[in-house]
Amino acid sequence: MMKRIRRALTNMSIRYKLSLLVVVTMTLILLVNVFMYYNLNRITRQMDEIYVGNVKLSELEDSLDLVQTSVAGYLNTKSTDSLNDYYVAEQEYEKLLESMEIKATDSQLKLMERNIYWMSTNYLALTSDTIEAKRGRNVEKYKDCYEKSGQLYNYIKTYITSLNGYRFRSNTESYAMLSSSVGYLEIMSVLMFIIMAAFNVMLVILVTRNITMPLHELSLAADKVSAGELENAPEVKVHGMDEVGVVTVAFNQMVNSIPGYLTRLREGMEKEQLLKEKEILMEAHLKDAQLKYLQAQINPHFLFNTLNAGSQLAMMEKADRTYDYIQNVAAFFRYNVSKNDEVSLEKEIELVDTYIYILNVRFSGDIHFSKEIEDEELLRIQLPGMVLQPIVENAVNYGIRDIEREGKITLSIYRVDDNVCISISDNGIGMSQELISSVLSGEYDSLTIDEEESKKGNGIGLRNVIERLNIYFDNKNSFDIISSGKNQGTEVVITVPFTDEES
């Protein structure tokens with residue numbers, strides 16, 4: 001039987017196992033309580049019924065005494081109250097007689113009860129005749145009836161006393177039997193509780209063992225797997241297809257698939273690492289090519305104009321100024337054609353100074369250029385080459401060249417938190433917000449939409465500068481163009497990070 005129960009519990013879900021355990025336990029407790037309640041209630045009723053007959057006989061005897069007393073009282077007083085007492089006592093006595101057994105029977109007790117009933121009937125008839133004779137003042141008759149009723153009263157009372165004694169002895173034996181039955185019931189109840197408790201304990205052990213044993217085996221295997229001992233992790237035995245069994249099957253499949261998964265993961269990581277290295281190398285080559293390509297886009301138009309101005313100056317003056325001019329032009333183009341992937345801010349400012357010098361020679365000193373440097377330490381930061389000169393060139397060509405007032409360009413270097421700000425501002429014709437948005441979005445490469453005018457530049461437009469700054473600083477920089485409107489001038493602000501190494 002235990003094997004059948006264990007087999008049935010094996011494939012049952014844990015929820016049903018626990019539910020079955022609770023239901024069986026509660027059912028057993030309920031059955032034992034119902035059994036105890038039924039038997040105790042039955043014995044209690046029997047014990048209550050044992051002395052009911054004695055109580056009724058005692059009440060009958062008291063009622064008989066009351067009838068006899070009320071008759072004597074009426075005979076002595078002949079008052080209305082005593083007559084009413086008699087009638088009340090007579091009715092009560094008759095009511096008690098109606099509950100007595102009067103059927104023919106072989107039982108001595110029942111036979112005595114039947115005799116009491118008939119004698120009581122005759123007695124009541126005699127007492128009634130006595131009362132009537134007394135009321136009719138028939139002295140001889142009421143004395144005779146009263147004497148006969150007194151004799152019958154004594155017989156009835158003797159019978160009642162005898163019957164009460166017999167009943168009491170019989171009831172005492174029944175009470176002893178019921179008391180012993182209560183003792184047996186207590187012993188049986190204790191035995192039933194012990195049996196029920198033992199069965200419940202056995203059932204709890206069986207159910208919990210059926211649940212916890214597979215979990216214990218699974219936890220041991222999981223500990224080995226978590227410790228990395230895959231080769232020492234045995235396949236967990238599946239005891240049944242409950243929730244634990246389903247988890248065990250999945251665990252075994254997982255353990256068996258882990259070595260293959262690790263192999264595939266290792267191979268994938270190696271391939272990913274190789275591809276990443278190739279991608280980094282390609283990206284480095286691409287950035288290098290982009291920088292070289294962007295820096296190689298120099299407009300020969302500017303070279304022609306500057307050299308032409310130098311030759312004219314040489315013919316006219318044949319002086320030291322020509323030497324200085326040619327030296328600056330040579331330095332300017334030497335900077336352009338050299339490999340300037342990364343230069344200091346100080347070098348970039350020197351290039352701007354050279355460029356302004358050349359322009360002032362060309363345009364008779366019409367360009368007023370000033371510098372405001374907050375800290376010389378800021379000039380040590382590194383940035384891509386040819387960044388500031390194109391911005392200054394745009395400020396000259398499209399900002400101050402055609403204005404009637406004196407043109408001014410200001411270069412400011414200052415620090416804001418962990419950033420260095422490079423500001424190039426002019427007092428030229430300014431820019432509209434629409435044009436600023438177009439330039440920053442890359443829609444236009446220079447500060448003009450006139451194709452002929454754009455030829456005046458050196459070919460390295462603002463978009464070129466923005467792209468090289470983004471590549472160099474990995475988009476950690478910012479490039480802003482600020483203008484309040486027409487004839488309000490323009491300010492270009494480059495913000496680049498200032499690292500601790502540079503500091």
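**Briefing on the predicted model**

Ser70 is buried, with a relative accessible area of 9%, where buried means under 20% relative accessible area, exposed over 50% and partly exposed in between, computed with a 1.4 Å probe on protein chains only. The model is a predicted one, in which local features need pLDDT of at least 70 and side-chain atom pairs count only at pLDDT 80 or more, while totals for chains, interfaces and linings use all residues. Residues are numbered from 1 along each chain as its sequence is written, and side-chain values use heavy atoms, with hydrogens and water left out.

**Overall make-up**

- The secondary structure comes to 14 helices and seven strands, these being DSSP runs numbered from the N terminus, with helices (H or I) of at least four residues and strands (E) of at least two.
- Of the 503 residues in the protein, 37% are buried.
- Among contacts between residues at least 6 apart in sequence, 71% join residues at least 24 apart, a contact being heavy atoms within 4.5 Å.

- Ser70 belongs to helix α3, which covers residues 52-77, and, leaving aside residues up to four places away in sequence, Ser70 touches Ser82, Asp85, Tyr86 and Ala89.
- Lys78 lies in the loop between α3 and α4 (80-98), and has a phi near 55°, a positive value in a residue other than glycine.
- At 36% relative accessibility, Lys78 is partly exposed.

**The five-stranded sheet**

- Five strands form an open sheet with mixed pairing, in the order β2-β4-β5-β7-β6, where two strands pair if DSSP finds at least two bridges between them.
- The edges are taken by β2 (367-373) and β6 (478-482), each of which has a single partner strand, so one side of each is left without a neighbour in the sheet.
- On average, neighbouring strands of this sheet are turned by 15° against each other, direction ignored; axes here are lines fitted to C-alpha atoms, for helices over the stretch in contact, and angles run from 0 to 180 degrees between N-to-C directions.
- Strands β6 and β7 (residues 490-497) run antiparallel and are joined by five bridges, and Asp480 has Val493 in β7 as its bridge partner.
- Helix α14 (residues 462-473) lies across β6 and β7 and runs at about 150° to β6.

**Nonpolar cores**

- In soluble globular proteins, nonpolar side chains tend to be buried together.
- The largest nonpolar core holds 40 residues, of which Leu345, Leu388, Phe479 and Ile494 touch the most other members; such a core is a set of buried Ala, Val, Leu, Ile, Met, Phe, Trp, Tyr and Cys residues joined through side-chain atoms within 4.5 Å.
- The elements that give two or more residues to this core are α10 (345-362), α11 (388-400), β4 (407-416), β5 (419-426), α12 (433-441), α14, β6 and β7.
- Leu345 touches Leu378, Leu379, Ile381, Leu383, Leu388, Ile413 and Ile422, when residues up to four places away in sequence are not counted.
- A second, separate core of 28 residues includes Val67, Ile116, Leu152 and Ile156.

**Aromatic pairs**

- The whole structure contains four aromatic pairs, in which rings of Phe, Tyr and Trp (its six-membered ring) have centres within 6.5 Å, with planes under 30 degrees apart counted as stacked, over 60 as edge-to-face and the rest as tilted.
- One of them joins Tyr86 and Tyr87, whose ring centres are 5.5 Å apart and whose planes stand at 55°, so the pair is tilted.
- Tyr86 is buried at 1% relative accessibility, whereas Tyr87 is partly exposed at 29%.
- Tyr472 and Phe473 form an edge-to-face pair, at 4.8 Å centre to centre and 80° between the planes.
- Tyr472 is partly exposed, with a relative accessible area of 27%, while Phe473 is buried at 9%.

**Cysteines and a further positive phi**

- A search of the whole structure finds zero disulfides, a disulfide being a pair of cysteine sulfur atoms within 2.5 Å.
- Cys145 is buried, with a relative accessible area of 8%, and Cys421 is buried at 7%.
- Met386, in the loop between β3 (382-383) and α11, has a positive phi of about 60° although it is not a glycine.
- With a relative accessible area of 4%, Met386 is buried.
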